[in-house]
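Trainee: I have just opened this entry and would like to go through it with you. Could we look at it together?

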Amino acid sequence: MATESGGSEAGAEDPKEFAEEAESLWRIAFGPLFWVAHFVICYAATTLVCTKLTDIEGAMAWLRLGIAGLTILTLAGIALIGWRAWQQWDYLNDYDYVHDLAIEEHRHEFLGHASFLLALISFVGVVYVALPALFIGSCL
């Protein structure tokens, strides 16, 4: 059933709009997912080095270098997610930070806002996960 303006039914979604919203939902999950993956890899590698290797001094240097590299890659990925979410939020265009109406624009901007905040929290979390590698000298 077509509406007076020539569109489809009121309840039907545009496939392009649905694809954008599905991508936004994935973007919400990727920031915390990167944080969790970074956490698991860092602590698993540290556990392996401290419990299984005999040359701990040499291995600690490689471990720190590996954690630094992984941290830089993870922060870059989270920053990219945060930048895309910031663009979707589009706050500087209209300075509208209230997204309480059930309209397409508010839903789209809310998902961007939520993704941006989760990326920000994930960024800080990754930094805190990597800090022990800077300060701890050995496994003892």
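Trainee: Is tyrosine 43 buried, partly exposed or exposed?
Mentor: This is a predicted model, and in it tyrosine 43 has a relative accessible area of 38%. Buried would require under 20% and exposed over 50%, so tyrosine 43 is partly exposed.

Trainee: What about phenylalanine 39?
Mentor: Phenylalanine 39 is partly exposed as well, its relative accessible area being 40%.

Trainee: How far apart are phenylalanine 39 and tyrosine 43 in helix H1?
Mentor: They are 4 residues apart in helix H1, which means a separation of about one helical turn.

Trainee: How many aromatic pairs are there in the whole structure?
Mentor: A search of the whole structure gives 3 aromatic pairs. One of them joins phenylalanine 30 and phenylalanine 34, whose ring centres are 6.1 Å apart with the planes at 25°. Planes under 30 degrees apart count as stacked, so this pair is stacked.

Trainee: Where do those two sit relative to each other?
Mentor: Phenylalanine 30 and phenylalanine 34 both belong to helix H1, and being 4 residues apart they are separated by about one helical turn. Phenylalanine 39 and tyrosine 43 also form an aromatic pair, with 4.7 Å from centre to centre and 35° between the planes, and that pair is tilted.

Trainee: Back to phenylalanine 30 and phenylalanine 34: what is their accessibility?
Mentor: Phenylalanine 30 has a relative accessibility of 32% and counts as partly exposed. Phenylalanine 34, at 30%, is partly exposed too.

Trainee: Next, glycine 31. Is that residue buried or exposed?
Mentor: Glycine 31 has 1% relative accessibility and therefore counts as buried. It is found in helix H1, which covers residues 15–52.

Trainee: Which residues is glycine 31 in contact with?
Mentor: Setting aside neighbours within four places in sequence, glycine 31 is in contact with Ile78, Ile81 and Ser122.

Trainee: Changing topic, how much space lies in the largest pocket?
Mentor: The largest pocket holds about 210 Å³. Its lining is made of 15 residues, and Thr46, Ile67, Pro132, Ala133 and Ile136 lie nearest the centre.

Trainee: Which helices supply that lining?
Mentor: H1, helix H2 (56–89) and helix H4 (104–135) each supply at least two residues of the lining.

Trainee: And how do the lining residues divide by type?
Mentor: The lining of the largest pocket has 12 nonpolar residues, 2 polar and 1 charged.

How values were computed
Residues numbered from 1 in each chain as written. Predicted model: local features only at pLDDT ≥ 70, side-chain atom pairs only at ≥ 80, totals over all residues. Heavy atoms only, no water. Buried < 20%, exposed > 50% of the residue type's maximum accessible area, 1.4 Å probe, protein only. Contact = heavy atoms within 4.5 Å. 1 Å grid on protein atoms, 1.4 Å probe; cavity = no way out; pocket = protein on both sides within 12 Å on 5 of 7 lines; lining within 4 Å. Points joined across faces, edges and corners; volume = space filled by probe spheres on them. Nonpolar A, V, L, I, M, F, W, Y, C, P; charged D, E, K, R; others polar. Phe/Tyr/Trp six-rings, centres within 6.5 Å; stacked < 30°, edge-to-face > 60°.
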